[in-house]
Amino acid sequence: MLREHRPVRYAYGVAAALFLGGAAFSMTTGETLGVDQQAQNQVVPVPGAPSSFADLSARLAPAVVNISTTQRVPVRRQMDPFDQFFRRFGVRPAPDSQEENGNGPTREAGSLGSGFIISPDGYIVTNNHLIQGQGGNDTVDEVIVTMTDRTEYEARIIGRDPASDLALLKIDGANLPYVNWGDSDRVRVGDWIIAIGNPYGLGGTVTAGIVSALQRGITGMGAYDRYIQTDASINRGNSGGPMFDMAGNVIGINSALISPTGASVGIGLAIPAEAAIPVIEALKRGERPQRGYLGVALQDLDEDIAEGLGLPKDRGELVRTVVPGEAAAAAGLRQGDVILTIDGIDVTPDATVSYLIANTEVGSTIPVDIVRDGRRQTVMITVGERPSEEELNRQMATEEEFDPDEEPEMDNLDTQLGMMLQPIDPSVRRALRLDSDVTGVVVAGVDPNSAAAEKGLRRGDVILSVNRRRVTSVADVAEAIAAARSAGRSSVLMLVKRGNAPEAFVGIELDR
């Protein structure tokens, strides 16, 4: 929540100092307060603050390039005004065979962004999203690199890495201007930086600012959710461009901005050089970057879930599901375990399991502290290799909307939870299309004013367990709630399944 700050009014007395023409004058004495006009004009910069960025910009700008891409994308056929007319009479229009075969009409689409040369023979770093094709799987048809002197080159895509949003291009050239990597680990909040890029196609634009924050997470997951935040103006088209320190070294790749309008509001984000260098080096060798992988789906410990487990919130992550055959399963991790530390490092919102594991060497064996059934223990895990994005997408199930053939009866009302619950009998199993091995109780109705409704529970959800105790009847749920109350808990932890979506834990506050 944003707190509103009202303007403060200051009442200045007769003795207040007026600053006029560079000299301070006391209205009580009428005497000058001793500011030398000549000394004032000789402003001495604070150490580290440049008097001008001109020399640095002139030296670096030739190595920053414009990236433009083109791609043929399908054009959706305009709706024939007679289609709807025929549909009213049960006649479906014949499908367009060209569209079905992928031979329908197309149009040319493109993107504009930035990049920078890292070697005299023409290797160029940019963002993957600039050269990624429509749909995310393929690449664009053509990439054109334009230098500051307007010389154009057709670039080859050497490699790309969607996870880090980085790509490596190559143009045929020699003795090209290039820039060097810097050490982003030594960057401090408050350091000056400059960004050079092509916002809105305006090539060679230089902006300056300071480092506003380090290790800024914006998604809460992944190996690369750690950005350098700056107040330098970063806009669309700056993507892929370099962030320089005052020595002229690249400490980040400008990649994103946070804005309610789509234009810069002073929150720009750059991938740190230390995270980018290993990826670019791997792509240059023709390899896929290696990242650690556990094979678990995780949930944050929000207030209700943490209360249901008797743990502090924002410390650790809850294992929602375990992928069979992967590192976590081989080490014996189970659904409902809470991961507290990874190799001695506390798991927090700023140091997530995904981030810590992804940056752990593949094949290394590390200690992982967990809480299981209220007891803390250590599990040794040999870190696996993260699969490709395509393989991960195949592992993920998609949510399916509940649309039963028949309405289940709502026999039992649990006023403590604000939900109507009923056991799974054969008719309910048919109505909800549940597999034969699914056991639990079904949510037959939800009070719209209840905590359950606030957490998104709805009719057709199946409650599999309460506080990690499997339930098969409404009586089991009531017993688990009573046990939670006896233990002084104000919420319960439920494992819920909806359609074909993966199971998820939900913390539900108990009515008092």
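Gly268 is found in strand 15, where strands (DSSP runs of E, at least two residues) and helices (runs of H or I, at least four residues) are numbered from the N terminus. The model is a predicted one, in which local features need pLDDT of at least 70 and side-chain atom pairs count only at pLDDT 80 or more, whereas totals for chains, interfaces and linings use all residues. Residues are numbered from 1 along each chain as its sequence is written, and side-chain values use heavy atoms, with hydrogens and water left out.

With a relative accessible area of 1%, Gly268 is buried, a word that stands for under 20% relative accessible area, while exposed stands for over 50% and partly exposed for values in between, computed with a 1.4 Å probe and protein chains only. Apart from its neighbours within four places in sequence, Gly268 is in contact with Ile228, Gln229, Thr230, Ile234, Ala256 and Leu257, contact being defined as heavy atoms within 4.5 Å. The C-alpha atoms of Gly268 and Asn235 are 8.1 Å apart in space, although the two residues are 33 residues apart in sequence.

For the protein as a whole, the secondary structure comes to 13 helices and 30 strands, and buried residues make up 41% of the 512 residues. Of the contacts with a separation of 6 or more, 60% are accounted for by residues 24 or more positions apart. The accessible surface comes to about 28,300 Å², and carbon and sulfur atoms hold 48% of this area; such areas come from the Shrake-Rupley method with a 1.4 Å probe, and for residues only the protein chains shown count as cover.

When neighbours within four places in sequence are left aside, the contacts of Met147 are with Pro62, Val65, Ile117, Tyr153, Leu176 and Pro177. Between the C-alpha atoms of Met147 and Gly204, which are 57 residues apart along the chain, the separation is 9.4 Å.

Rolling a probe the size of a water molecule over the atoms shows where empty space is left. The second largest pocket holds about 570 Å³ of space. The elements that give two or more residues to its lining are strand 11 (205–216), strand 12 (227–230), strand 15 (268–272), helix 6 (273–284) and helix 9 (353–358), and the largest share of the lining, five residues, comes from helix 6. There are 30 lining residues, of which Tyr224, Glu274, Ala275, Tyr355 and Asn359 lie nearest the centre of the pocket. On a 1 Å grid over the protein atoms alone, a pocket is an open set of points with protein on both sides within 12 Å along at least five of seven lines, in contrast to a cavity, where a 1.4 Å probe fits but cannot get out, and lining residues have an atom within 4 Å of a point. Grid points are joined across faces, edges and corners, and a volume is the space filled by probe spheres set on the points.

Side chains of opposite charge can pair when their charged atoms come close. A search of the whole structure finds nine salt bridges, each being a side-chain nitrogen of Lys or Arg within 4 Å of a carboxyl oxygen of Asp or Glu. One of the salt bridges joins the side chains of Arg156 and Asp172 (3.1 Å, N to O). This pair links distant parts of the chain, 16 residues apart, with Arg156 in strand 8 (residues 156–161) and Asp172 in the loop between strand 9 (166–170) and strand 10 (192–197). Arg156 is partly exposed at a relative accessible area of 42%, whereas Asp172 is exposed at 56%.

In another salt bridge, the closest N and O atoms of Arg468 and Asp373 are 3.2 Å apart. Because Arg468 lies in the loop between strand 27 (462–466) and strand 28 (469–470), and Asp373 in the loop between strand 21 (365–372) and strand 22 (375–382), the pair ties together parts that are 95 residues apart in sequence. Arg468 is partly exposed, at 27% relative accessibility. Asp373 also has a positive phi, near 55°, in a residue other than glycine. A positive phi of about 55° is likewise found for Asp343, which is not a glycine, in the loop between strand 19 (338–342) and strand 20 (345–346).
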